[in-house]
Amino acid sequence: MQILESLKAELKKNGLEEEVNILDSPRIGMCEKGPEILVYPEGLHYINLSLEDIPLLVQEQFLKGRPIEKWLAPAKAEKVTELREPTPREVRVVLRNSGKIDPENIEDYIAENGYEALAKVLTEYTPDEVIDIIKRSGLRGRGGAGFSTALKWAITRDSVGDIKYVVCNADEGDPGAFMNRSVLEGEPHAVLEGMIIAAYAIGAQQGYIYCRAEYPIAIRTLNIAINQARSLGLLGEKIFGTDFSFDLEVRQGAGAFVCGEETALIASIEGRRGEPRPRPPFPSVKGLFGKPTNINNVETYANVPQIILRGPEWFAEMGTEKSKGTKTFALAGDVKNTGLIEVPFGITLREIIFDVGGGIKNDLAFKAVQTGGPMGGCLPASALDLPVDYEKLTEAGSIMGSGGMVVMDEETCMVDIARFFMEFIQDESCGKCVPCRVGTKRMLEILTRICDGNGREGDIELLEALSKEIRQDSLCGLGQGAPNPVVSTLKHFRHEYEAHIYDKQCPAKVCRALIRYEIDPEKCVGCTLCARNCPVNCISGEVKKTHVIDPDICIRCGICKQVCNYEAVLVL
Amino acid sequence: MNIQKTNGRGVIEIVDLVVDEFHAKKEELIPMLMKINQTIGYIPNEAFDRLSTRIRVPKSQIYSVATFYHMISTKPVGRHVIKFCESAPCHVAGGYEVWKTVLKELGIQPGDTSEDGKWTLMTTSCLGVCAVGPVMMIDDDIYGNLTPDQVPGILGKYE
């Protein structure tokens with residue numbers, strides 16, 4: 001805080017207070033390297049600043065326009081920028097203001113036409129007209145299933161009930177997905193405005209935002225936003241002087257992945273165990289506290305004000321025949337530019353990974369991309385030219401999901417990845433229904449033994465049979481989607497399973513039980529470096545003579561390969 | 001129990017304060033449990049009893065809710081809690097090597113608390129900062145872009 005004051009004072013001293021606009025950002029991303037300052041439009045990131053640094057920083061950076069190289073975040077830290085300048089293939093709708101406006105200041109949002117859509121809706125349109133606009137835009141649920149938003153609103157509106165609720169699903173639990181967090185922390189008012197419009201359309205008086213407790217900053221930002229909206233009369237009694245009243249509350253989760261499922265989410269808001277229940281009745285008919293409830297994802301709501309302001313035709317122009325608009329994705333894994341992107345539907349996976357994402361790290365080859373979170377699927381290189389929309393991804397054996405995208409290079413073992421996802425699902429299964437609770441456990445056991453080199457003949461067939469049963473018989477989306485990582489890797493990478501089971505080999509050289517290390521006598525110069533670093537002393541050999549690894553003692557830690565300067569250690 | 005955080009107040013007193021804050025509403029059970037968990041570090045047995053009396057919900061039901069959610073603990077925790085992200089993006093980014101180093105440095109298994117009461121090690125679901133994986137969280141601090149050799153230095157910063 002002292003730094004902020006000092007920065008202001010120094011800018012003033014140099015007559016720059018009109019030139020430089022200071023935004024007090026809650027967090028830039030590298031909390032362990034704070035205090036930090038981001039300078040735009042240059043996009044320079046200063047870290048580890050102290051009070052004494054400020055005068056020189058102002059002199060050099062702002063007055064003379066010369067960046068102080070040694071205080072900038074190291075090149076490695078560049079990667080932390082979650083949201084870069086958009087590449088030509090990107091279109092920012094939901095993320096248009098993220099990182100540009102102060103999320104804790106409602107005035108900033110209003111200056112970007114914020115709450116104008118709400119004013120228009122309340123004064124010019126009937127609820128049915130609002131639903132019709134959303135219908136013409138073709139907006140579909142961004143939580144993953146892609147259900148028509150207008151239809152959901154219409155069903156909730158038509159359901160009989162004196163009290164109705166709108167709920168925002170901000171329980172973004174998919175590993176590798178942080179699009180919603182970014183929207184909540186970057187432009188919370190867009191979500192609020194979308195929810196208020198939805199409430200008007202369906203006739204609700206009360207709303208809840210269910211946010212996972214792993215996102216403390218999002219929760220804090222939302223609460224600030226709600227209070228500011230209340231103080232301006234945008235929430236509460238008689239909004240904009242009309243007869244429409246609506247208020248909002250944030251409810252936080254407590255760490256349960258399954259609460260992203262809508263019926264489990266409802267149970268959790270009611271203060272119960274977050275276990276799903278069979279549908280129908282759908283929440284639109286019988287939801288929170290037994291009342292008709294409209295549940296949409298963060299991104300769905302955030303799209304609504306833009307659709308109202310710019311018209312449904314503008315929105316429907318983007319995307320494919322059945323999937324309209326844009327979608328945010330979180331790129332993670334072995335791709336050069338990890339972080340958030342927003343692209344129109346219909347873009348190909350190749351464009352996302354290679355044009356927007358910059359290709360594969362370390363110039364390795366692309367192997368697979370996992371879309372749709374843990375219940376999604378892994379798609380191989382042959383699917384790269386697939387246009388991304390709800391239907392196409394499902395046809396290819398994956399799902400849209402909420403928008404996590406984990407890119408994997410050639411050094412990834414697909415059986416290991418399937419095992420990894422199954423471990424997650426098995427752990428997060430709530431335990432209510434047997435196919436999911438027991439079935440995922442059995443699948444994990446089989447996958448683990450395959451990775452440990454103990455795979456048996458018939459294991460693949462057993463996995464397939466279990467997948468089919470779990471998919472058919474589970475209660476909720478988590479169970480029904482649980483076998484997906486296995487089914488999709490079996491479909492596209494069956495040969496890897498076969499190599500593990502029948503040839504006792506891991507083609508990607510990942511599964512430890514199936515690899516061994518050897519020293520190439522042609523390349524070894526006898527420097528003894530590997531022998532000195534081996535934690536179990538399994539490497540023997542004299543100075544300047546070829547060394548040998550004893551495979552019976554070797555624990556396959558790979559340290560010898562890492563330290564060797566002559567690339568003499570081979571993995572077989 | 002962490003005396004500093006509780007200001008020397010007893011469990012009953014803490015539960016009462018929390019229940020009053022949430023107007024003893026049954027549907028606020030999860031926020032109440034989270035708040036008690038934050039203050040004391042876990043939910044002791046006597047807190048279950050008091051909560052049950054105050055909000056008129058059977059203890060069995062409160063216990064079933066508390067044990068359902070990962071972030072609510074029914075066992076005492078150490079002075080510092082490490083939450084290590086075990087999600088795919090961190091795994092793909094080299095998380096396993098870092099994880100092994102953490103296990104080696106602390107000498108405890110996930111879910112356990114060290115004998116001196118300093119560390120509790122947990123795994124966590126995705127923290128949503130995947131762009132800087134592998135990631136771990138110690139108390140309220142997030143550490144990203146981790147490599148195995150950084151681990152001893154980071155752990156050494158905590159008393």
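Colleague: How many bridges join strand β4 (residues 206-211) of chain A to strand β5 (residues 247-252) of chain A, and what makes the two a pair?

Modeller: Quick heads-up: this is a predicted model, where local features need pLDDT of at least 70 and side-chain atom pairs count only at pLDDT 80 or more, while totals for chains, interfaces and linings use all residues. Residues are numbered from 1 along each chain as its sequence is written, while chains are lettered from A and ligands numbered from 1 in the order in which they are written. Now the pair: strands are DSSP runs (E, at least two residues), helices likewise (H or I, at least four), numbered from the N terminus. Two strands pair if DSSP finds at least two bridges between them. Here 6 bridges join β4(A) to β5(A), running parallel, so they count as paired. Cys211(A), for instance, stands opposite Gln252(A) in β5(A).

Colleague: Why is the crossover from β4(A) to β5(A) called right-handed?

Modeller: The chain goes from β4(A) through helix α10 (residues 216-231) of chain A to β5(A). Point the strands away from you: a clockwise path from the first strand over the helix to the second is right-handed, and this β-α-β crossover gets that label.

Colleague: What makes you say strand β8 (residues 339-344) of chain A is mostly covered?

Modeller: In β8(A), 6 of its 6 residues are buried. This strand pairs with β7 (residues 326-333) of chain A in the antiparallel sense, over 6 bridges. Lys327(A) stands opposite Val343(A) there, and a hairpin joins β7(A) to β8(A) through 5 residues.

Colleague: Over to chain B. Which strands stand at the edges of its sheet, and why do we call them that?

Modeller: It's an open sheet of 4 strands in the order β2-β1-β3-β4, with mixed pairing. At the edges are β2 (119-124) and β4 of chain B, each with a single partner strand, so one side of each has no neighbour in the sheet. Ignoring direction, neighbouring strands are turned by 20° against each other on average. Inside it, β1 (residues 80-85) of chain B runs parallel to β2(B), joined by 6 bridges, and Cys85(B) has Thr124(B) as its bridge partner.

Colleague: What angle does α6(B) make with β1(B)?

Modeller: About 150°, with α6(B) lying across β1 and β2 of chain B. Angles run from 0 to 180 degrees between N-to-C directions, using lines fitted to C-alpha atoms, for helices over the stretch in contact.

Colleague: How many residues of chain B and chain A take part in the contact between them, and how do you know they touch?

Modeller: Two residues are in contact if their C-beta atoms, placed from the backbone, lie within 7 Å. By that test, the contact takes 33 residues from chain B and 37 residues from chain A. On the chain B side, α3 (29-40), α5 (59-68), α6 (88-106) and β4 (141-143) each supply at least two residues.

Colleague: What classes do the residues on that side of chain B fall into?

Modeller: There are 20 nonpolar, 9 polar and 4 charged. Nonpolar means Ala, Val, Leu, Ile, Met, Phe, Trp, Tyr, Cys and Pro; charged means Asp, Glu, Lys and Arg; the others, Gly among them, are polar.

Note on methods. Buried ≥ 20, exposed ≤ 12 C-beta atoms within 10 Å, placed from the backbone.
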